[in-house]
Amino acid sequence: MNNDVIRENFKGSPKLKRFVDWLIMNQVETRPRWYIRMLAPLYQHRGRHSVIHRSARMDTPPYRKFSLGDYSVVESFACINNAVGDVVIGDHTRIGLHNTIIGPVTIGNHVNLAQGITITALNHNFDNADKRIDEQGVSTNSVSIGDDIWIGANAVVLPGVTIGHHSVVAAGAVVTKDVPPHSLVVGVPAKVIKQI
C-alpha cells in the first residue's frame, strides 16, 4: 500500500488521522516524537556518501518524503521540515549552517546554500479577523530550486518560487517571484540585475 492510498484512507476517518498524527508528532513542539526520530534512518532516503550532521534538526515524519542525494550534505544546526510537504534534495548539494527548509521543496543537483538561509513553502493563514492566527491553519505552495544554483547567506526564498538553473541569489535577498535561468538576483524584494 503506497502513501497516497494511506492518505485517502485517513481522509475518510478524521478521528483515526488525529490519533495517528498525535502518535507521530509532538503537538506542543510540532516535531516528530523522540521514538519516531530514532527510526528516521529507516524511512529517510539518504544517498551514497551523503552526510547529515548530528546537530541538524530533522523534523521529518514518515508520512512525507525526505530524500537526500548522493554526496550531499546537511550542515550543523540546519532544520529540515517535511511535515507539510516533501523535501527532495539532489546530488552534490550543500545545505549550509543554520539553514531552514520547510517543504514542499525540491532542490536540484550541485546547489550551494550559504549560511542562515530560509526556504519555505509554508504560510500561516490570517484572513479571518474573528479567529486567532494560530487557529486558522496553514497553506503551502511548492518551492523549486533548479540545478547549479548558489544562494548567498541570509537569503529568504518564499512560497511558490521557482529558481531556474545556473542562477545566483545574492546574500540577504528576499525572493518573492520566480527567477529565470542564468540570472543574478539581489535586493528586497529580489530583482534580476543581470544575466549570467
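Start by selecting T93. Leaving out neighbours within four places in sequence, T93 is in contact (heavy atoms within 4.5 Å) with Y71, S72, V73, I107, G108, N109, H110 and V111. The model is predicted: local features need pLDDT of at least 70, side-chain atom pairs count only at pLDDT 80 or more, and totals for chains, interfaces and linings use all residues. Residues are numbered from 1 along each chain as its sequence is written, and side-chain values use heavy atoms, with hydrogens and water left out.

**Stop 1**

Strands here are DSSP runs of E, at least two residues, and helices are runs of H or I, at least four, both numbered from the N terminus. T93 has a relative accessibility of 2%, so it counts as buried. Buried means under 20% relative accessible area, exposed over 50%, and partly exposed in between, with a 1.4 Å probe and protein chains only.

Show the side chain of T93 and the backbone of G108. A polar atom of the T93 side chain lies 2.8 Å from the backbone oxygen of G108. A polar contact is a pair of N or O atoms within 3.5 Å; within protein, one must be able to donate a hydrogen and the other to accept it, and residues adjacent in sequence count only if both atoms are side-chain atoms.

A polar atom of the S72 side chain lies 2.9 Å from the backbone nitrogen of T93. Beyond four places in sequence, S72 touches H49, S50, V51, G90, D91, H92 and T93.

**Stop 2: I107 and the core**

Which residues have the most contacts inside the largest nonpolar core? Select I107, I119 and I151. That core has 34 residues. β6 (66-68), β9 (87-89), β12 (105-107) and β17 (143-145) each supply at least two of its residues. A nonpolar core is a set of buried Ala, Val, Leu, Ile, Met, Phe, Trp, Tyr and Cys residues joined through side-chain atoms within 4.5 Å. In soluble globular proteins, nonpolar side chains tend to be buried together.

Apart from neighbours within four places in sequence, I107 is in contact with V88, I89, G90, T93, I95, I101, L113, I119 and I145. That list includes T93, where the tour began.

**Stop 3: the six-strand sheet**

Move to the strands in the order β5-β8-β11-β14-β19-β22. They make an open sheet of six strands with parallel pairing. Its edge strands are β5 (57-59) and β22 (174-175), each pairing on one side only. Two strands pair if DSSP finds at least two bridges between them.

Zoom in on β14 (residues 118-120) and β19 (residues 156-157): they pair in the parallel sense over two bridges. I119 stands opposite V157 in β19.

**Stop 4**

Select β21 (residues 168-169) and β23 (residues 183-186). They run parallel, joined by two bridges. V168 has L184 as its bridge partner in β23.

β23 and β24 form a hairpin with four residues between them. Colour G187 in the turn: its phi is positive, about 100°.

**Stop 5: the aromatic residues**

How many aromatic pairs are there? The count is two. F19 and W22 are stacked, 6.4 Å centre to centre with 20° between the planes. Rings of Phe, Tyr and Trp (its six-membered ring) pair if their centres lie within 6.5 Å; planes under 30 degrees apart count as stacked, over 60 as edge-to-face and the rest as tilted.

Both F19 and W22 lie in helix α2 (residues 14-24), three residues apart, about one turn of the helix. F19 is partly exposed at 46% relative accessible area. W22 is partly exposed at 45%. The other pair is W34 with Y35: edge-to-face, 5.6 Å centre to centre, 85° between the planes. W34 is exposed at 56%, while Y35 is partly exposed at 32%.

Finish on R33. Its charged end sits over the ring of W22, 4.8 Å from the ring centre. The rule requires NZ of Lys or CZ of Arg within 6 Å of the ring centre and within 35 degrees of the ring normal.
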